[in-house]
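Morning, everyone. I have one structure to show today, and I'll keep it short. Please take a look first.

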Amino acid sequence: MEMMVDVAVDFEDYFPSMVQRMGAEGFIMELCDGFRLLMDVERGLITFESLKKNSAMLGLSDMRDDEIACMLSEGDLDGDGALSQLEFCILMFRLSPGLMDDNGSNQLVEEYDVI
């Protein structure tokens, strides 16, 4: 018999404060740096293999393969099984409630026209 376990995860959204501190352009550059950290250098995309390999740097070495696949599929807009830099940035915005509220998105639009 399988047992379902509810696990509460505390999540603090640092992206809005990063935008305030770094400005919109600095924040976008930081997201791009994060993308480069996780991507497969040869393909220029975040692939299953590159995310699995590089997730240890993020302290996520215990992630299961199905969790990695789920992360990729969440942001894979074109269905190629990998994340482009644009797909990665869109995913990061979607995962940040503070950036998606009126104040966060308005600040980015006004400063950098990113949304």
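I'll go through a helix, the cysteines, the salt bridges and one serine. Keep in mind that this is a predicted model.

Let's begin with helix α1. It runs over residues 15-38. That makes 24 residues, yet the C-alpha atoms at its ends are only 18 Å apart. A straight helix, at 1.5 Å a residue, would reach 34 Å. Where is the kink in α1 centred? On G23, with an angle of about 115°. G23 is also one of the buried residues of α1. Others on that buried list include F15, M18 and V19. Further along, the list also includes F27, I28, L31, F35 and L38.

Now the cysteines. How many disulfides does a search of the whole structure find? The count is 0. Take C32. The nearest cysteine sulfur belongs to C89, and that sulfur is 4.6 Å away. Is C32 buried or exposed? Buried: its relative accessibility is 11%, and the cut-off for buried is under 20%. C70 is another matter. Its relative accessible area is 47%, which makes C70 partly exposed.

On to charges. The structure has 5 salt bridges. I'll walk through three of them.

One lies within α1. The side chains of R36 and D33 meet there, with 2.3 Å from N to O. Both residues lie in α1, 3 residues apart, or about one turn of the helix. Why does that spacing work? An α-helix has 3.6 residues a turn, so residues three or four places apart point the same way. R36 is partly exposed at 43% relative accessibility. D33 is partly exposed too, with a relative accessible area of 40%.

The next pair is R64 and E67. Their closest N and O atoms are 3.6 Å apart. R64 has a relative accessible area of 47%, so it counts as partly exposed. E67 is also partly exposed, at 31%.

Then there is E74 with R94. This salt bridge is 3.0 Å from N to O. Which helices does the pair tie together? E74 sits in α3, residues 65-75, and R94 sits in α4, residues 85-94. So the bridge links parts that are 20 residues apart in sequence. E74 is partly exposed, with a relative accessible area of 40%. For R94 the relative accessibility is 42%, so R94 is partly exposed as well. There is also a network here: salt bridges with shared partners join R64, D66 and E67.

Last stop, the serine. S55 is in the loop between α2, residues 48-54, and α3. Is S55 buried or exposed? It is buried, with a relative accessible area of 2%. What does its side chain meet? A polar atom of the S55 side chain lies 3.0 Å from the backbone oxygen of K52. Leaving out residues up to four places away in sequence, S55 touches L60, S61 and M63.

Helix α1 has a kink of about 115°, centred on G23.

Technical notes. Residues are numbered from 1 along each chain as its sequence is written. This is a predicted model: local features need pLDDT of at least 70, side-chain atom pairs count only at pLDDT 80 or more; totals for chains, interfaces and linings use all residues. Side-chain values use heavy atoms; hydrogens and water are left out. A disulfide is a pair of cysteine sulfur atoms within 2.5 Å. Buried means under 20% relative accessible area, exposed over 50%, partly exposed in between (1.4 Å probe, protein chains only). A salt bridge is a side-chain nitrogen of Lys or Arg within 4 Å of a carboxyl oxygen of Asp or Glu. Helices (H or I, at least four residues) and strands (E, at least two) are DSSP runs, numbered from the N terminus. A polar contact is a pair of N or O atoms within 3.5 Å; within protein, one must be able to donate a hydrogen and the other to accept it, and residues adjacent in sequence count only if both atoms are side-chain atoms. Contact means heavy atoms within 4.5 Å. The expected span of a helix is 1.5 Å times one less than its number of residues. The bend at a residue is the angle between axes fitted to the seven residues ending there and the seven starting there.
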